Amino acid sequence: MNDSNNPEPYVNPEGERLQKVMAAAGVASRRVCEDLIAAGRVAVNGVRVEEPGRRVLPTDLVSVDGKAIQLDTTKLYIMLNKPTGIVSSLNDDRGRPDLRRYTSMFDERLFNVGRLDAETSGLLLLTNDGELAHILAHPKFGVLKTYIAKVEGVMNQHTVNKLVGGIELEDGLIEADKARIIGTPSNDETVVEVTLHSGRNRIVRRMLEEVGHPVVDLVRRQFGPLHLGSLAPDAMRDLTKAEIGDLLTISRGGKIAASDDDTTDGTGEDDSDD
């Protein structure tokens, strides 16, 4: 029994001490984690904690300054720069090259979050975190996605305004969240950046064709808080702790400051979004 003059507000015989868990998750050294806790910057299951003696389980949700941290190290988060010619499927029934060439490198069973059509390249997330994948891929959560498209013809600002203002397609009205021309058109081609959260099939291609500028080349550069950066085509990398924190924050209903290229959705393809 605890001494009433020295109460332990977080008596829990199971789990690990919070500062130890945070240090193991790569937040900071154990001493610094204790300071973060004492400063009231750490929350467990949405409740601020100020005593480093608190014990937590792997199922607990821990955040620092409002950003989630990963406790379950069995979950993998892999960024792939999918090249063209690869189908976003784990078992293509037509025998085309698919994502198994990447997922087979892991002992865990990974699956893709959303899709990119075979002729669209760019950022694709592979994971074994089903709950997070569902949230990121569902249109109602509004995760933004940004694409860079090279299109036929010289596009003008009026056409860009149409993309944002709304275009009527056969399956209904669609609006880009943002759109802008990049650089100066040349060789009768224009490079345009389109950001949207729709998950409709081949939506970017269909939008651009509807306004008279069929796509020549399409790349997804951003998915939610994730940026493709300098990752080479056909290459993969683990997400950083900060990137994982951003994704977990989204999955727990948190909000991250939207950046210039961010996008949502998708259960479809790049083209489901592309």
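**Strands, helices and pockets in a predicted model**

Four strands, in the order 3-2-5-6, make up an open sheet with antiparallel pairing. Strands here are DSSP runs of E with at least two residues, helices are runs of H or I with at least four residues, and both are numbered from the N terminus; two strands pair if DSSP finds at least two bridges between them. Strand 3 (47–49) and strand 6 are the edge strands of this sheet, each pairing on one side only. Strand 5 (residues 62–64) is joined to strand 6 by two bridges in the antiparallel sense, and Ser63 has Ala68 of strand 6 as its bridge partner.

The model is predicted, and local features need pLDDT of at least 70, side-chain atom pairs count only at pLDDT 80 or more, and totals for chains, interfaces and linings use all residues. Residues are numbered from 1 along each chain as its sequence is written, while side-chain values use heavy atoms, with hydrogens and water left out.

With strand 9 (residues 121–127), strand 15 runs parallel, and two bridges join them; here Gly122 stands opposite Arg220 of strand 15. With strand 10 (residues 145–152), the pairing is antiparallel and extends over seven bridges, and Lys150 has Asp217 of strand 15 as its bridge partner. Strand 16 (residues 226–227) also pairs with strand 15 in the antiparallel sense, over two bridges, with Leu226 of strand 16 as the bridge partner of Phe223. Strand 15 and strand 16 form a hairpin with two residues between them, and Gly224 in the turn has a positive phi of about 60°.

Another hairpin is built from strand 13 and strand 14, again with two residues between the strands, and Asn187 takes a positive phi near 55°. Strand 13 (residues 178–186) and strand 14 (residues 189–196) pair in the antiparallel sense over six bridges. Ala179 stands opposite Val194 of strand 14 in this pairing.

Turning to the helices, the axes of helix 4 and helix 7 come within 9 Å and cross at roughly 75°. Axes are lines fitted to C-alpha atoms, for helices over the stretch in contact, and angles run from 0 to 180 degrees between N-to-C directions. Helix 4 and helix 7 are therefore roughly perpendicular to each other, a term that covers angles of 65 to 115 degrees. Leu132, Ile135 and Leu136 of helix 4 meet Leu247, Leu248, Ile250 and Ser251 of helix 7, contact meaning heavy atoms within 4.5 Å. The residues of this contact comprise six nonpolar, one polar and no charged; Ala, Val, Leu, Ile, Met, Phe, Trp, Tyr, Cys and Pro count as nonpolar, Asp, Glu, Lys and Arg as charged, and the others, Gly among them, as polar.

Open space in the model comes next. The largest pocket holds about 430 Å³ of space. Its lining has 21 residues, and Ala25, Gln70, Thr240, Lys241 and Ile244 are the closest to its centre. Strand 6 (67–68) and helix 7 (241–251) are the elements that give two or more residues to this lining, and helix 7 gives the most, with four residues. By class, the lining has 12 nonpolar, five polar and four charged residues. On a 1 Å grid over the protein atoms alone, where a 1.4 Å probe fits, a pocket is an open set of points with protein on both sides within 12 Å along at least five of seven lines, and lining residues have an atom within 4 Å of a point. Grid points are joined across faces, edges and corners, and a volume is the space filled by probe spheres set on the points.

The second largest pocket holds about 340 Å³. Among its 16 lining residues, Leu61, Asp72, Asp129, Leu248 and Arg252 lie nearest its centre. Helix 4 (130–137) and helix 7 each supply at least two residues of this lining, which by class has seven nonpolar, three polar and six charged residues.

How values were computed: Angles under 35 degrees count as roughly parallel, over 145 as roughly antiparallel, 65 to 115 as roughly perpendicular and the rest as oblique.
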